[in-house]
Amino acid sequence: MTKYIFITGGVVSSLGKGIVAASLGKLLRARGYSVANQKLDPYLNVDPGTMSPFQHGEVFVTDDGGEADLDLGHYERFTDTSLSKLNSLPAGSIYSNVINKERRGEYNGGTVQVIPHITNEIKAGIQRAAKQCKPDFLITEIGGTVGDIESLPHIEAIRQFRAEEGYDKTLSIHVTLLPYLQTSGELKTKPSQHSVNTLRGFGIQPEILICRTQQAIPKEEKDKLALFCSVPKDCVIECQDMSTIYEVPIALEEQGMASVILKKLGMADKKPNLDSWKKIIEVAKNPTYELNVAIVGECSQVNDAYLSIVESLKHAGFAQSSKIKIKWVESEANKEEDKIKEILKDVDAVVVPGVYGARGIEGKLNIIKYVRENNIPYLGVSLGFQCAVVEYARNVAGMTDANSTEFVPTANCPVISIMEDEKSTAGYHSSVRLGACDTLLKASTKTRSAYGEKQISERHRHRYEFNNYYRQNLEEKGLVVSGTSSDGFLVDIIEVPENDWHVACQFHPEFKSRPERPHPLFNGLIKATIKQKTKKK
């Protein structure tokens, strides 16, 4: 029987509920339990697929083509599981389902209301995720802050769910903030007390408090929180700011959080196996190498826009005993070669990731040209793949007017374009390939060597493809097509063989990287970078 854990947040937004949910999942998994995480978001978008990363961070993609909140990335990385569309439940999808049912007459002419129709749909979404995954624990995070008007239906649905399923099968965790007043040198508990009172006013008494704080919480303050929030003293858990998010599970484990939860839910506690996780933290704190990796984009002022890229670089760094320092490079500002040389003078490797929109393309092309000609290790992802193809076509294959029809719809030499049989697919959100697809790898390539296998599965999110009309010409000029779709028709990976690492892929490898199991392409990039760096010494 699945046990249900609900995580809410109070006082302020962006408290790190997703990291807490992911960390709890890790601790339960380390004890041998099966875990699935789920995110309920209050925004009215049907999914984040059309949302700008400037506002909401990256769009995470699941194997089954779900476009989800970035917290699903944290869940997958920490618990080493693959989630699905059912694990992301924005309010927009809830309301859409209810409205569609009303239009089909499924409510038999009844008045459609938030209670019971919206709350029933939320509860059904929770049950669907549990039924699909059949986990020992379903950990459901509710987005937003308790008291926000848009999240009230979710809070009410959880109240109903707990009453219906039973309090022996469900548990509520409230993540809250203890602000530190520098002038008086005090941690203040009053905002947390008010937040818990608000939650109780909606009918939910949290069993556990997770207290975000910059300072250690004195015993008397913990006792005060326990008293005024009606929770046992051992259920007031401190969560201090850490140097890396991967330290959070260990910090929570040291305070016995998972053991308390298991006891409350009547589940056997087991000794967790966290040895490999602790090794990761040790490498993070005591690396052998330090590498500067440039990420080139136009959302670099919002780091969450490339969250999975950054984390994947760190994972590869863990595997190679390296600290990865990110240098954010704005693509729009880099159109002069001398300027590029100055910007990249201290850079060991370059990544051009996928992107929202098509700004700064010429800047990206100039940077890719520079790193290719100077043998600086390069990894292109999605748009970074398409730009690498355009750059090679222009500067090596002699196709000076090469371009993508995404940037120039009337391009004379469209080396990147929408496939002819897909041009009828209309709408901004339309995607030719979305979710997991198989890729065949060519023998004797850097890519095949990195993966160590012939066939792989990766997650895609794009409409524009390598134009096969130009494939033979580009291959004759030295570009290696090292990965194709399973039928050999679509180009998924290219590489420049004379460079130490100049690889680009059409898919998003960052969505499958794990701290204890880094993605082969990011691992290959960091390996090549270290090899270069040690040679120079």
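Modeller: Two strands pair if DSSP finds at least two bridges between them. Keep that rule in mind for the strands below. One caution before we look: this is a predicted model.

Start with strand β7, which covers residues 170-177. Of its 8 residues, 7 are buried, so β7 is largely enclosed by the rest of the structure. Buried here means under 20% relative accessible area.

Now look at the partners of β7. One is strand β1, residues 3-9. β1 and β7 run in the parallel sense, and 6 bridges link them. Find Ile7, and you will see Ile173 of β7 opposite. Another partner is strand β10, residues 208-213. β10 is also parallel to β7, with 5 bridges between the two. Here Val175 faces Ile210 of β10.

Next, move along the chain to another set of strands. An open sheet of 3 strands has the order β16-β17-β20, with mixed pairing. β16 (402-404) and β20 (465-466) are at the edges. Each has a single partner strand, so one side of each lacks a neighbour in the sheet. β16 pairs with β17, residues 413-417, through 3 bridges in the parallel sense. In that pair, Asn403 sits opposite Pro414 of β17.

Leu441 belongs to strand β18, residues 433-441. Its relative accessible area is 6%, so Leu441 counts as buried. What does Leu441 touch, leaving out residues up to four places away in sequence? The list is Thr447, Arg448, Tyr451, Glu453, Lys454, Ile456, Ser482, Gly483 and Ile493. Take Tyr451 from that list. Tyr451 is 10 residues from Leu441 along the chain, and their C-alpha atoms are 8.8 Å apart.

Turn to the helices. Helix α1 spans residues 17-29, and helix α3 spans residues 71-79. They pack with axes 8 Å apart, at an angle of about 20 degrees. Angles under 35 degrees count as roughly parallel, so α1 and α3 are roughly parallel to each other. Their crossing is right-handed. On the α1 side, the contact residues include Gly18, Ala22 and Arg29. On the α3 side, they include His74, Tyr75 and Phe78.

α1 also meets helix α10, residues 257-264. These axes come within 10 Å and cross at roughly 75 degrees. That makes α1 and α10 roughly perpendicular to each other. Leu24, Leu27 and Leu28 of α1 make this contact with Met257, Ala258, Ile261 and Leu262 of α10.

Last, the cysteines. A disulfide is a covalent bond between the sulfur atoms of two cysteines. How many does a search of the whole structure find? The search finds 0 disulfides. Take Cys239: its closest cysteine sulfur is in Cys211, 9.3 Å away, which is too far for a bond. The cut-off for a disulfide is 2.5 Å between the sulfur atoms. Cys387 is in no disulfide either, as the nearest cysteine sulfur, in Cys505, is 13 Å away. Cys239 is buried, at 7% relative accessible area. Cys387 is buried too, at 0%.

Terms used: Residues numbered from 1 in each chain as written. Predicted model: local features only at pLDDT ≥ 70, side-chain atom pairs only at ≥ 80, totals over all residues. Heavy atoms only, no water. Buried < 20%, exposed > 50% of the residue type's maximum accessible area, 1.4 Å probe, protein only. Helix = DSSP H or I, 4+ residues; strand = E, 2+ residues; numbered from the N terminus. Contact = heavy atoms within 4.5 Å. Axes fitted to C-alpha atoms, helices over the stretch in contact; angles between N-to-C directions. Parallel < 35°, antiparallel > 145°, perpendicular 65-115°, else oblique. Left-handed = near helix turned anticlockwise from the far one by under 90°.
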